[in-house]
Amino acid sequence: MALGEHGLGVPAQNWLLEHGYALAGTRPYGDGWAVEETMRDSASTLAVLAEAAGTPEATLAWGSSMGGNIAAGLAERRPDLVDGALPYCASVVGPVAMLNQALDASFAFKTLLAPGNTDIKLTRLSSAEEETRGNTAARTVQAWRGPGPAVTA
């Protein structure tokens, strides 16, 4: 059985099905970073599958990006649920550093290109709608500013 956490394309799904694997997966859990929540949902998904189809011989978790973190987290924290993991494009050596890098870039963008724009918030967003407003405002600033001059050495 293969438990997918985000990022498995149709060709890979077809290959797994053609080679006798059952597939199960979870839906993205809300907006943003949801590794812990999705790990809990994965345990529930496996329980439902076992009840419906029986216990699989082996269970592999896979995923890319955040899904890769979930797959690795399941292998580390829930070895009773999965026999192995295939995380790819996951920040398994440091999601905090990855997210800090994104925050640094966002801070530079707001400070240099949109210092007075109150719609672009970097912290303490209260809702998905507020995040959408900020993203829209940032895209407007970016479109207005254009790609900028070419940098030459």
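A residue counts as buried when its relative accessible area is under 20%, as exposed when that area is over 50%, and as partly exposed in between. The exercises below use this definition on a predicted model.

**Exercise 1. Classify E130: is the residue buried or exposed, and in which element does it lie?**

Solution. 
Step 1. Locate the residue: E130 belongs to helix α5.
Step 2. Take its relative accessibility, which is 11%.
Step 3. Compare with the cut-off. Buried means under 20%, so E130 counts as buried at 11%.
Step 4. List its contacts. Leaving aside residues up to four places away in sequence, E130 touches K121, R124 and L125.

**Exercise 2. Classify R124, and state what its phi angle is.**

Solution. 
Step 1. R124 is found in the loop between α4 and α5.
Step 2. Its relative accessibility is 76%, so R124 counts as exposed.
Step 3. The phi angle of R124 is near 55°, which is a positive value in a residue other than glycine.
Step 4. Link this to the previous exercise: R124 is among the residues that E130 touches.

**Exercise 3. Repeat the analysis for S65: where does it lie, and what is its phi?**

Solution. 
Step 1. S65 sits in the loop between β3 (60-64) and α3.
Step 2. With a relative accessible area of 40%, S65 is partly exposed.
Step 3. Phi of S65 is near 55°, again positive in a residue that is not glycine.

**Exercise 4. Describe helix α3: how many residues does it have, and how many of them are buried?**

Solution. 
Step 1. Helix α3 covers residues 66-77, which is 12 residues.
Step 2. From its first C-alpha to its last, α3 reaches 16 Å, close to the 16 Å expected at 1.5 Å a residue.
Step 3. The buried residues of α3 are M66, G67, G68, N69, I70, A71, A72, G73 and L74.
Step 4. Nine of the 12 residues are buried, so α3 is largely enclosed by the rest of the structure.

**Exercise 5. Which residues does D119 touch, and how far is it from R133?**

Solution. 
Step 1. D119 is placed in the loop between α4 and α5.
Step 2. Its relative accessible area is 41%, and D119 is therefore partly exposed.
Step 3. In sequence, D119 and R133 are 14 residues apart; in space, their C-alpha atoms are 6.5 Å apart.
Step 4. Not counting residues up to four places away in sequence, D119 touches R133, G134 and A137.

**Exercise 6. Describe the largest pocket: what is its volume, and which helix gives the largest share of its lining?**

Solution. 
Step 1. The largest pocket holds about 690 Å³ of space.
Step 2. It is lined by 20 residues, and the closest to its centre are S106, L122, L125, E131 and N135.
Step 3. Find the elements that contribute. Helices α4 (95-113) and α5 (128-145) each supply at least two lining residues.
Step 4. The largest share, seven residues, comes from α4.
Step 5. Sort the lining by class: nine residues are nonpolar, five are polar and six are charged.

Conventions. Residues numbered from 1 in each chain as written. Predicted model: local features only at pLDDT ≥ 70, side-chain atom pairs only at ≥ 80, totals over all residues. Heavy atoms only, no water. Helix = DSSP H or I, 4+ residues; strand = E, 2+ residues; numbered from the N terminus. Expected span 1.5 Å × (residues − 1). Buried < 20%, exposed > 50% of the residue type's maximum accessible area, 1.4 Å probe, protein only. 1 Å grid on protein atoms, 1.4 Å probe; cavity = no way out; pocket = protein on both sides within 12 Å on 5 of 7 lines; lining within 4 Å. Points joined across faces, edges and corners; volume = space filled by probe spheres on them. Nonpolar A, V, L, I, M, F, W, Y, C, P; charged D, E, K, R; others polar. Contact = heavy atoms within 4.5 Å.
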